Amino acid sequence: MPKVSVIMPAYNAVSYLEESVNSLKNQNFQDWELLLIDDCSKDGTVSLAKEIAKTDNRIHVIQKEKNSGSADTRNTGIQLAKGEYIAFLDADDLWEPKFLETMIPFMQQNQSPFSFSSYRIVDENGTEFCEPFIVKTKGYTYRDLLFYNRVGLLTAIYHVPSVGKKYFDPSLKSLRDDYALWLDILREGKVAYANSEILARYRVRRGAATSNKKKVMLAHFRMLKNREKLNFLYAFLLTSIHGIMGIRKYRIK
């Protein structure tokens, strides 16, 4: 039984996949399994994934029969996960070598069911182009996260025995589904402990679904109003705060 199950959805990620997987293989902490789920890629992602898997029996490649988006793809991995902890690393993002080595003891020391960290923001070439996204080392409640989602998916880890297996909501069409999952965990009265140390690199790609800010903010508002059952004005206020904070997030260096 691996200590950590790492969920990696992949779609047309042949240009970045090997580098992302290597950032996992190069971890100082080695008690993990990788569930690499291909969402019907049209490039050479599957072939490359299978070649990579031949080099390490901890890597499991799953091919979906139908393209269904990142939320459903991650859920496929969660269903198959055997680890005590579940973490998320997309096929174009990167972990620093000490990510797992730092985060697992951090969660144990804080008796944290759910944690995340600070991270760098890089472009398609891996070049850092704005200030890192820094979170404070403290506990965050459901209410704290309502005002602003500080959790970078690539740094999020949850403890299965504490919260059970939690899944992404496919009805959100892979927009704000990660945010909804964090709220699901914290709504139960749990506290997420954040580590301010920079432990990952988030890659911003042209054409990514989350690059359409207007579309994302509309999805954010609908999620708060319909799924979290907030009234119109409160949902609008929180969405506006997220929009302002989102602009500040990408401050050019």
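Trainee: What should be kept in mind about the model before its values are read?

Mentor: This is a predicted model, in which local features need pLDDT of at least 70 and side-chain atom pairs count only at pLDDT 80 or more, while totals for chains, interfaces and linings use all residues. Residues are numbered from 1 along each chain as its sequence is written, and side-chain values use heavy atoms, with hydrogens and water left out.

Trainee: Why are H1 and H2 called roughly parallel to each other?

Mentor: Helix H1 (residues 17–25) and helix H2 (residues 45–53) have axes that cross at roughly 30 degrees and come within 10 Å. Axes here are lines fitted to C-alpha atoms, for helices over the stretch in contact, and angles run from 0 to 180 degrees between N-to-C directions. Angles under 35 degrees count as roughly parallel, over 145 as roughly antiparallel, 65 to 115 as roughly perpendicular and the rest as oblique, and H1 and H2 are therefore roughly parallel to each other. The helices themselves are DSSP runs (H or I, at least four residues), as strands are (E, at least two), numbered from the N terminus.

Trainee: Which residues make the contact of H1 and H2, and what is its make-up by class?

Mentor: Leu-17, Glu-18 and Val-21 of H1 meet Thr-45, Leu-48, Ala-49 and Ile-52 of H2, where contact means heavy atoms within 4.5 Å. By class there are 5 nonpolar, 1 polar and 1 charged residues in the contact of H1 with H2; Ala, Val, Leu, Ile, Met, Phe, Trp, Tyr, Cys and Pro count as nonpolar, Asp, Glu, Lys and Arg as charged, and the others, Gly among them, as polar.

Trainee: How is the packing of H7 and H8 described, and is the crossing left-handed or right-handed?

Mentor: Helix H7 (residues 177–187) and helix H8 (residues 213–227) pack with their axes 11 Å apart, at an angle of about 30 degrees. The crossing of H7 past H8 is right-handed, the term for a near helix turned clockwise from the far one by less than a right angle, with anticlockwise being left-handed. From H7 the contact takes in Tyr-179, Ala-180, Leu-183, Asp-184 and Arg-187, and from H8 His-220, Met-223, Leu-224 and Arg-227. By class, the contact of H7 with H8 has 5 nonpolar, 1 polar and 3 charged residues.

Trainee: What makes strand E6 largely enclosed?

Mentor: Of the 9 residues of E6 (residues 114–122), 8 are buried, so the strand is largely enclosed by the rest of the structure. Buried means under 20% relative accessible area, exposed over 50%, and partly exposed in between (1.4 Å probe, protein chains only).

Trainee: Which strands does E6 pair with?

Mentor: Two strands pair if DSSP finds at least two bridges between them. E6 is joined by 2 bridges to strand E8 (residues 157–159), running antiparallel, and Ser-115 stands opposite Ile-157 in E8. With strand E9 (residues 192–203), E6 pairs in the parallel sense over 8 bridges, and Val-122 stands opposite Arg-203 in E9.

Trainee: How do you know that both faces of E4 are covered?

Mentor: In E4, Tyr-85 and Ala-87 on one side and Ile-86 and Phe-88 on the other are all buried. E4 also runs parallel to E1, joined by 4 bridges, and antiparallel to E8, joined by 3 bridges; Ile-86 stands opposite Tyr-158 in E8.

Trainee: Why does Thr-73 count as buried?

Mentor: Thr-73, in helix H3, counts as buried because its relative accessibility is 0%. Leaving aside neighbours within four places in sequence, Thr-73 is in contact with Pro-9, Ile-37, Asp-39, Lys-64 and Ser-68.

Trainee: Why is Tyr-234 called partly exposed?

Mentor: Tyr-234 has a relative accessible area of 24%, so it is partly exposed. Its place is in helix H9, and, leaving aside neighbours within four places in sequence, Tyr-234 is in contact with Arg-143 and Phe-147.
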